[in-house]
Amino acid sequence: AALDLLILSKDRACQLDALLRSIRAFLTIPHRIHILYTSSNLAFERGYDLVRRWHPGIHWVDEEGTFRLTYLRLLEYIASGPGRYLMPVMDDMIFIRPFTAHRLLGLLDEDEDVLAVSLRLGENVTYCYVRNIDTIPPDFSNGYRWTWKTASSGYWNYPMSVDANIYRTAEMAQYLPTIPFEKAETVEASMAGHPIDRPHMVCEATPTVLNLAVNQGQHTFE
């Protein structure tokens, strides 16, 4: 498998099922799926039992002990496998069309300036719901590649997303243990505060995934 998906999930088995069904339908790249999950009561745990039954062949990891230690152990396991690319995904996402830009993955091997491939961004993404601001797409006249440090605020200057960005596995395995985080919801915040120093991001013309921000599974951020 060329691509490893690292999915975080808490108390959202129904949304996780939708994500996994959409992956089955639209992700044609050879891949492995790893799910780090936790549930706050027996009812949610029963939901995950159903999802496990419906989706065999997936690597499940129960969040036991400290989140950081479990997460980094899983990352180490992934890095020891055959995959070259790592895609963190949250359980409230869904694939909406096939990912066909295999050539973009090659840039991670060939071009050291490219930090990641975004499946969530495209030229139609002009509004940032998290900050309630307009976010202006870069000039894509030379292809769907941009310098994130000088891009519009919102999404286009935010490179370290865990919403379906594809990174180099080996690089992330070295990088993530060096940044501070203790809970699932602080992984991305810490990544954003300590970005990897590669200047460019790439995407397709239109997004492959959507984020369905319809509920709140944590209380660290509003």
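The chain carries 20 positive and 27 negative side chains, and the centres of the two sets are 3 Å apart; Lys and Arg count as positive and Asp and Glu as negative, without His or the chain ends, and each charge is placed at NZ of Lys, CZ of Arg, CG of Asp or CD of Glu. The model is predicted, with local features requiring pLDDT of at least 70 and side-chain atom pairs pLDDT 80 or more, whereas totals for chains, interfaces and linings use all residues. Residues are numbered from 1 along each chain as its sequence is written, and side-chain values use heavy atoms, leaving out hydrogens and water.

The chain contains 6 helices and 12 strands (DSSP runs of H or I, at least four residues, and of E, at least two, numbered from the N terminus). Its radius of gyration, 17 Å, is close to the 17 Å given by the globule rule for 222 residues, so the chain is as compact as a globular protein of that length (C-alpha atoms; rule: 2.2 Å times the number of residues to the power 0.38). The C-alpha trace spans about 50 × 40 × 35 Å along its principal axes. Of the 222 residues, 50% are buried (under 20% relative accessible area, 1.4 Å probe, protein chains only).

Threonine 169 belongs to helix α5, which comprises residues 169-175. Threonine 169 is buried, its relative accessible area being 2%. Beyond its neighbours within four places in sequence, threonine 169 is in contact (heavy atoms within 4.5 Å) with Ile78, Ala79, Gly83, Arg84, Tyr85 and Leu86.
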